[in-house]
Amino acid sequence: MTVLLIDDDPEVLDSSRQTLELEGFAVEAVTEPEAGLARLGASWPGVVVTDVRMPGMDGFALLERVRAADAEVPVVLVTGHGDIAMAMRAVREGAYDFIEKPAEPDHLVEVVRRALVHRGLVLENRRLRAQLAEGGPEGRIIGRSPAIEHLRAAVANLADAEVDVLLFGETGTGKELVARSLHEGGRRRAGNFVALNCGAMPDTIIESELFGHEPGAFTGAQARRIGKLEYAAGGTLFLDEIESMPMHLQVKLLRVLQERAIERIGGNRTIPLDLRVVAATKVDLLRLAAEGKFREDLYYRLNVVTVPLPPLRERRGDVALLFRHFLDAALARSRRTPPPLDPALLARLAAHGWPGNVRELRNVAERVALGLGDGLAPVGASATSAGMAGSAEIEPLADRLDRVEKQLIEDALARCGGRVGETAERLGITRKTLYLKMRHHGLSRDDFAEE
């Protein structure tokens, strides 16, 4: 990630460059706006910090040119002649931020840091959208944390394997998303993907939903009905909340898995099935089996391959990326303009416990897109005081940003196997800066080294 500094005053330019380079930023400094514009492009990984009053092309004209090249490149305008009207114009015309000269070094660094994070999220979301357009599990499963990289690799490895799969994860971790990725990434993608929530079906109709029925099989059965199992032939049957399936149906499902054949209710003809079953649960099925609440033989039949899904609290490095992805989708649906992602919001997202996992995060993004606030308690608020006006103690902004920075560095070190040089390069900072930040956060590369 690069900071492009543009100012016609060489002394001011050199001062700003030194301030940013001392913080570990890669900086390109130019006195001519045209020279800076030549560096930009749709995939340019950086931000622009430019003076407003310059001969030939002022900052607002430059802003217009930058936005024409890529409307999502953050542009920070700096001027010694600032006023409220100019600041309002800057925001109205799409500037990321507005700073008055002489810029306080700490303020300049903080604005640039936020802008680079914003740009990084934009580029990552573009990459993800391109993958979604191409299809396949890589595009569906979003994240850069080691846990998600491992999950993507498992899905890619199992997509074409003709084995039944058991997905294990908390509510909201994306079990149906993973099931669809398994289906669409394999040779059964041309067949149907049939999803059935075993916990949402009354006992009186779930058997008919699964197996179908013949005319006259029971009162009200006037015509033949194809069940979910038969409809999924050639494709994939996804059984969510399998732990909720009634015991008497577990016996019948076990027989289906063993024989790959069914009989409709009220019928005598055996119908062969060619399908894959992906089941999902949020509880320990073996523990339920020991308690007599789930059939042990069915558990072992389903448990050919178990894929665990990590909760969001174990992949906090993905929170900002996922939030931006869901926010973009919500804004597109509601045809609204993107709101600014301020550090306080990102800090609340990073500090939240996410008991509802990805589903809860998506709901937060929907609220933010509609201008309803995020609905999260301030960082540092207790469970009893959350939501009570004036009663929650707000953690200082510096502490919040410190926590976010530590989590980002931990995630990068884990992805790079503890290699400091590679980690520093990916984070866009110098090796010295990374060492100082690791010391500040009490991190050791040995904790992340690959075995």
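**Labels and their grounds**

Guide: With the overall fold. The chain has 19 helices and 12 strands. Keep in mind that this is a predicted model.

Visitor: How much of the chain is buried?

Guide: Of its 451 residues, 46% are buried. The accessible surface of the chain is about 22,000 Å². Carbon and sulfur atoms hold 51% of that surface.

Visitor: Why is valine 76 called buried?

Guide: Its relative accessible area is 0%. Buried means under 20%. Valine 76 therefore counts as buried. Valine 76 sits in strand β4, residues 75-79.

Visitor: Which residues does valine 76 contact, leaving aside neighbours within four places in sequence?

Guide: Val48, Val49, Thr50, Tyr96, Asp97, Ile99 and Val111. Take isoleucine 99: 23 residues separate it from valine 76 in sequence, and the C-alpha to C-alpha distance is 7.3 Å. Across the chain, 69% of the contacts with a separation of 6 or more join residues 24 or more positions apart.

Visitor: Why is aspartate 8 called partly exposed?

Guide: Aspartate 8 has a relative accessible area of 33%. Buried is under 20% and exposed is over 50%, with partly exposed in between. A value of 33% falls between those limits, so aspartate 8 is partly exposed.

Visitor: Where is aspartate 8 found?

Guide: In the loop between β1 (2-6) and α1 (10-22).

Visitor: Which residues form the negative surface patch?

Guide: Asp8, Asp9, Glu11 and Glu32. Patch residues need over 30% relative accessible area.

Definitions and conventions:
Residues numbered from 1 in each chain as written. Predicted model: local features only at pLDDT ≥ 70, side-chain atom pairs only at ≥ 80, totals over all residues. Heavy atoms only, no water. Patch = residues over 30% accessible without salt bridge, like charges linked within 9 Å, V, L, I, M, F, W, Y side chains within 5 Å. Areas by Shrake-Rupley, 256 points an atom, 1.4 Å probe, with all protein chains shown as cover. Salt bridge = Lys/Arg side-chain N within 4 Å of Asp/Glu carboxyl O. Lys, Arg positive; Asp, Glu negative; His and termini not counted. Charge placed at Lys NZ, Arg CZ, Asp CG, Glu CD. Helix = DSSP H or I, 4+ residues; strand = E, 2+ residues; numbered from the N terminus. Buried < 20%, exposed > 50% of the residue type's maximum accessible area, 1.4 Å probe, protein only. Contact = heavy atoms within 4.5 Å.
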